[in-house]
Amino acid sequence: MPLVYSAFVPHPPIVVPEIGRGEEAKCSQTLEAYREIARKLVQAQVETVLLVSPHATLLRKGVTILQGDELFGDFAAFGVPKVKLFFPGHRLLTEALAAQLPEAFLHPEKLDHGALVPLYFLQEAGWQGKLVEMSMPLNDPELYGQKIAQILKGFSERIALVASGDLSHRLKEEGPYGLHPSGPKLDQWIVNSLARDPSEIKRIPEKLAEEGGECGWRSLRLALAVQEGMPKIFSYEGPFGVGYLVAELYQSSLLPSWARLCLETYLEEGSTRKLTPPAGEEFQLRRACFVTLKKGGELRGCIGTTEPWRDNLAQEIEHNAISAGTQDPRFWPVEPDEMDSITISVDVLGEMEKIGSLNELDPWRYGVVVRGRGRTGLLLPHLEGINTAEEQVNIAKQKAGLRLEEPVEMRRFEVMRYFE
């Protein structure tokens, strides 16, 4: 998978210091988070950025893609014509998107400010690479996200997707569009969903989005559909009556790739003796982990441990990946020809912390371990359909073979979830 990073960022020109002239200090959280996103993208050694802007030419059905061997723009509309940005285009990716996305049209336009603001910070962080800018459709952004994911698989370089967009423009009376009750409600729905269950974002009623004066709702939905991840909110604020959200949506990791290699090798050769474990620092940690296999979005196997049993994480992943594919009693063993249709994620568990009540649990942040009568049940966090601590503990009890009314000792833990 060439997509190595994706993020959602706002585009208020005032955060550009040459434009803000000190006013950018009023949104310092956004500025700091923006620079962190840019730093992480550069650190990921991204060669090409696919940028989705709601200020490109929008279509209800279809998308527009900027055409040109060099893409450029400036901030003349904001009183700073001397701030100009130039980036080489990516002809092959542009042509692939135009050919394979429904109703896609090429436009020889300048970069709009929805693209220029994020690009300003990427350039400031030292990023130098190829650029593709496109709009998002007003209808069915998830469909386009899924198709983009397939197109990107045909490219070998390291690609990042940056979805640009502000949230509500109606947060304050003194803001540019005044206050509407739907404005704060819309932003709260998006922020809460991104932190807990991103699938809820596409369920926002269009009337609420329209009344709230949204700008980036659809570009965010498109980005989420390109690659599943474990989103991390870096900042949210609305000092000028417009919601500014900075969030990391996905960051690739070598952990799932190692899990895949171990399972594929075992299925083909019956052994992993010939494999050389990765030497990276993250693989040398001693951590418990779970390896999860999905096929067509449905669970195909999941095995893990609550405590580390092996010398390092590389060995822990190797054992659990093979077990998830061959020893999960809920499923038939995975066949070698299934592997192309299986996706793999790795959950690395943090330290266990003893708790005394359900009030100390959050099923989207913490996993839980219950113990009683010598039996143990574990449930990972951030699982779709589990919304309360009570539901989480009850399912963990069922997995342990305990009655729901039985008292148990509980421990919570956080995880880092890594996707291919």
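How many salt bridges does the count come to? The count comes to 25 salt bridges, where a salt bridge is a side-chain nitrogen of Lys or Arg within 4 Å of a carboxyl oxygen of Asp or Glu. The model is predicted, so local features need pLDDT of at least 70 and side-chain atom pairs count only at pLDDT 80 or more, while totals for chains, interfaces and linings use all residues. Residues are numbered from 1 along each chain as its sequence is written, and side-chain values use heavy atoms, with hydrogens and water left out.

**Salt bridges**

Side chains of opposite charge can pair when their charged atoms come close.

| Pair | N to O distance |
|---|---|
| R218 and E214 | 2.8 Å |
| E264 and R260 | 3.5 Å |
| E409 and R411 | 3.4 Å |

Salt bridges that share partners also join R373, R403, E405 and E406 into one network.

Burial is judged by relative accessible area: under 20% is buried, over 50% is exposed, and partly exposed lies in between (1.4 Å probe, protein chains only). R218 is buried, at 10%. R260 is buried too, at 16%, whereas E264 is partly exposed, at 23%. E409 and R411 are partly exposed, with 30% for E409 and 24% for R411.

Helices (H or I, at least four residues) and strands (E, at least two) are DSSP runs, numbered from the N terminus. E264 and R260 are 4 residues apart in helix α9 (residues 254-269), so about one helical turn separates them.

**Helix α12**

Helix α12 covers residues 389-400, which is 12 residues. The expected span of a helix is 1.5 Å times one less than its number of residues.

The buried residues of α12 are A389, Q392, V393, A396, K397 and A400. Seen down the helix axis, they fall within an arc of 135°, so they line one face of α12. The arc is taken from the directions from the helix axis to the C-beta atoms. On the other side, E390, Q398 and K399 are exposed. Just after α12, G401 has a positive phi of about 75°.

**Cysteines**

A disulfide is a pair of cysteine sulfur atoms within 2.5 Å, and by this rule there are 0 disulfides. The closest cysteine sulfur to that of C262 is in C289, 10 Å away, so the two are too far apart for a bond. For C289, the nearest cysteine sulfur is that of C302, at 9.9 Å. C262 is buried, with 0% relative accessible area, and C289 is buried with 0% as well.
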